[in-house]
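Open the model in your viewer and keep the sequence panel beside it. This tour goes one selection at a time, with a short note on what to find at each stop.

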Amino acid sequence: MSNRRPHDAPVYTGQGDALASGFMPCSLEPPMNAASVLPAPLDRLLEEASQAALHAYAPYSGFRVGAALLLAGGETVTGTNVENVSYGLTICAERAALVQAVSRFGPGIRIEAVAVANLNHAPSPPCGACRQMLAEFIEPHAPVVFPSLGGNRTMAFQDLLPGGFEMKLKQDEPQP
Ligand SMILES: [Zn+2]
């Protein structure tokens, strides 16, 4: 059980290209906030995300991520990435946390802040799928803090996912 990583699988160390594509979305912009100057609630949230990353199931990439969500009721819910041998079925830490939050507190949850951390010292902004999933439950102005080059970066959610998918049916259109 302890040696399930395929022998030829590269271990993601965060060195060199941070992403497989070599695209570094945050490389040209300085971090807006270093971890040391984060507001205390975000700092605590980041610490919880780091703790969650210790539970990562990442035998294929070695990339261990944790996420923590601060809910409107003051609760904190964490999640970690869970990989799968099929690769494509892997679930990210952010979505794992979201699923746990809804499971524990119901469909009416509102997210007021998000923290993402990893144990690989690599940039890891939330992926597109996680942004779209979070959009369902998060306040537009909610801060999202994540590892970037040179330190942690904080962005309002609405700036992370402009133009996210919405489904609005026309009121006057007869429904099938
Ligand atoms: Zn994701």
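Select V144 and M155. V144 stands opposite M155, a residue of strand β5. Now step to V145, which faces T154 in β5. This is a predicted model.

**Across to β3**

Which residue of β4 is the bridge partner of V114? It is V144, the residue that also stands opposite M155 in β5.

Now show helix α3 (residues 128–135) as well. Together, β3, α3 and β4 form a β-α-β unit, and the unit is right-handed.

Colour β3 (residues 111–118) by burial. Seven of its eight residues are buried, so the rest of the structure largely encloses this strand.

**From β3 to β1**

Select β1 (residues 65–71) next. Seven bridges link β1 to β3, and the two run antiparallel.

**On to β2**

Zoom in on L69, which stands opposite V77 of β2.

Is β2 largely enclosed or open? Four of its five residues are buried, so the rest of the structure largely encloses β2.

Follow the chain through the turn. The hairpin of β1 and β2 has four residues between its strands. G74 has a positive phi here, near 95 degrees. Then click E75, in the loop between β1 and β2. E75 is exposed, because 12 other C-beta atoms lie within 10 Å and a residue with 12 or fewer counts as exposed. Draw a distance from E75 to F105: their C-alpha atoms are 9.2 Å apart, though 30 residues separate them along the chain.

**The whole sheet**

Show every strand together. The five strands make an open sheet in the order β2-β1-β3-β4-β5, with mixed pairing. β2 (76–80) and β5 are the edge strands, each pairing on one side only. From one strand to the next, the twist averages 20 degrees.

**Helix α2**

Select α2 (93–105). Its 13 residues reach 18 Å from first C-alpha to last, close to the 18 Å expected at 1.5 Å a residue. Highlight its buried residues: A93, E94, R95, A96, A97, L98 and A101. What do they pack against? The partners are α1, β1, β2, β3 and α3. Just after the helix, stop at G106, where phi is positive at about 95 degrees.

**The core**

Return to L69 and show its contacts. Beyond its neighbours within four places in sequence, L69 touches T76, V77, A97, L98, A101, I111 and V114. Two of these, A97 and L98, are among the buried residues of α2.

Now bring up the largest nonpolar core, which has 37 residues. The members that touch the most others are A49, A67, L69, A97, V114, A115 and V116. Which elements give two or more residues to this core? They are α1 (40–53), β1, α2, β3, α3, β4 and α4 (157–160).

**Zoom out**

Count four helices and five strands. From the N terminus on, the elements run α-β-β-α-β-α-β-β-α. The chain has 176 residues, of which 34% are buried.

Technical notes. Residues numbered from 1 in each chain as written. Predicted model: local features only at pLDDT ≥ 70, side-chain atom pairs only at ≥ 80, totals over all residues. Buried ≥ 20, exposed ≤ 12 C-beta atoms within 10 Å, placed from the backbone. Pairing = 2+ DSSP bridges. Right-handed = clockwise from strand over helix to strand, strands pointing away. Core = buried A, V, L, I, M, F, W, Y, C linked by C-beta atoms within 7 Å. Contact = placed C-beta atoms within 7 Å. Axes fitted to C-alpha atoms, helices over the stretch in contact; angles between N-to-C directions. Expected span 1.5 Å × (residues − 1).
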